[in-house]
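Colleague: Put the model up, please. I have a few questions and will jump around.

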Amino acid sequence: MNVIAIVKYVFTLIGIGLLVGAFYSFKNTQNFLTAALPAEGTVVRLIRSEPTGSTTSGSEVDSPTYRPVVAFDTQAGKAIKFTSSTGSNPPSYSVGEVVEILYQENSPEQAKINSFFSLWGLSTILGGMGSVFFLVGFSIILFGCLKGKKIEYLRKNGVPIKARFQSVEINGALEVNGRNPYQIYVQWENPTTSKLHIFKSENIWFDPSGHISDEEITVLIEKDNPKKYHVDTSFLPIV
């Protein structure tokens, strides 16, 4: 389905973009720490940041966050105030609390509190989100490639058998844009072992029932391994 084809590439590209952003954020923090000077600061204020979303009743979806405003003196004796770029709820700091900060001599206004989240929070969030998006998109691409190779292998080397049509079922395990695909189920009794095998087709994004006129459908199986198979649906129209 075209939607799945688009999603896999969009997710992969978003994941790559977020991972690139995480890398640059990580490198920027590393460069900042290389030239950073330590100092003691005091939390003089907490800035409340309201959430942007709200429910239909007008109540807040998310709790507000609180960012500390920190005052400190540089080694040159210059008084500086800065607002932390990260906030939390409940507040991570209280007014009057003494905290360790790091700053660069040429830009002390861009100081940071010396804590893991203040220094590495952005790169951690971007890296985590990027990994999820990339793995989802890449997994879909990889699954499609492996499935394509399996089908191509069976088309070249598989043993064709005739299986009896059983039913057309909706695949409730997969839904895209509110739609579920269909699968054709067929059964075949192995004449060697007398074991009954049930085969199901790949996902079909329209109801194929009206296009099935024969009681038997071709299935390609690997020699001596019916577990590896492909139900041939080439008789269906291309939609």
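Colleague: Which residue takes a positive phi in the hairpin of β7 and β8?

Modeller: Ser194, with a phi near 60 degrees. The hairpin has 6 residues between its strands. A strand here is a DSSP run of E, at least two residues, numbered from the N terminus.

Colleague: What kind of model is this, and what are the ground rules?

Modeller: This is a predicted model: local features need pLDDT of at least 70, side-chain atom pairs count only at pLDDT 80 or more, and totals for chains, interfaces and linings use all residues. Residues are numbered from 1 along each chain as its sequence is written, and side-chain values use heavy atoms, with hydrogens and water left out.

Colleague: Back to β7, then. How many bridges does β7 make with β8, and in which sense do they run?

Modeller: β7 is joined to β8 (residues 196-200) by 5 bridges, and the two run antiparallel. Two strands pair if DSSP finds at least two bridges between them.

Colleague: And with β6?

Modeller: β6 (residues 159-170) pairs with β7 over 6 bridges, also in the antiparallel sense.

Colleague: Which residue of β7 stands opposite Arg164?

Modeller: Gln187 does. Gln187 also has a bridge partner in β8, namely Ile198.

Colleague: Is Gln187 buried, exposed or partly exposed?

Modeller: Partly exposed, because its relative accessible area is 27%. Buried is under 20% and exposed is over 50%, with partly exposed in between (1.4 Å probe, protein chains only).

Colleague: What is Gln187 in contact with?

Modeller: Leaving aside neighbours within four places in sequence, Gln187 is in contact with Ala163, Arg164, Gln166, Leu196, His197 and Ile198. Contact means heavy atoms within 4.5 Å. As for Ile217, 30 residues apart along the chain, its C-alpha atom is 9.4 Å from that of Gln187.

Colleague: What about Gln183, buried or exposed?

Modeller: Gln183 is also found in β7, which spans residues 182-189. Its relative accessible area is 9%, so Gln183 counts as buried.

Colleague: What does the side chain of Gln183 reach?

Modeller: The backbone oxygen of Ser201, at 3.2 Å. That is a polar contact (a pair of N or O atoms within 3.5 Å, one able to donate a hydrogen and the other to accept it; residues adjacent in sequence count only if both atoms are side-chain atoms). Beyond four places in sequence, the contacts of Gln183 include Ser167, Glu169, Asn171 and Asn203.

Colleague: Change of topic. What is the order of strands in the open sheet of 5 strands?

Modeller: β3-β2-β1-β4-β5, with antiparallel pairing. β3 (79-83) and β5 (107-113) are the edge strands; each has a single partner, so one side of each lacks a neighbour in the sheet.

Colleague: How many bridges join β1 to β2?

Modeller: 8, between residues 37-49 of β1 and residues 65-73 of β2. Ile47, for one, has Arg67 in β2 as its bridge partner.

Colleague: Which residues does a cis peptide bond join?

Modeller: Asn89 and Pro90, with omega about 5 degrees. Pro90 sits in the loop between β3 and β4 (98-104).

Colleague: What is the phi of Asn177?

Modeller: Positive, about 55 degrees, although Asn177 is not a glycine. Asn177 is in the loop between β6 and β7 and is exposed, because its relative accessibility is 64%.

Colleague: And of Asp224?

Modeller: Asp224 has a positive phi of about 65 degrees and is not a glycine either. Asp224 belongs to the loop between β9 and β10 (225-231); its relative accessible area is 75%, so Asp224 is exposed.

Note on methods: Helices (H or I, at least four residues) and strands (E, at least two) are DSSP runs, numbered from the N terminus.
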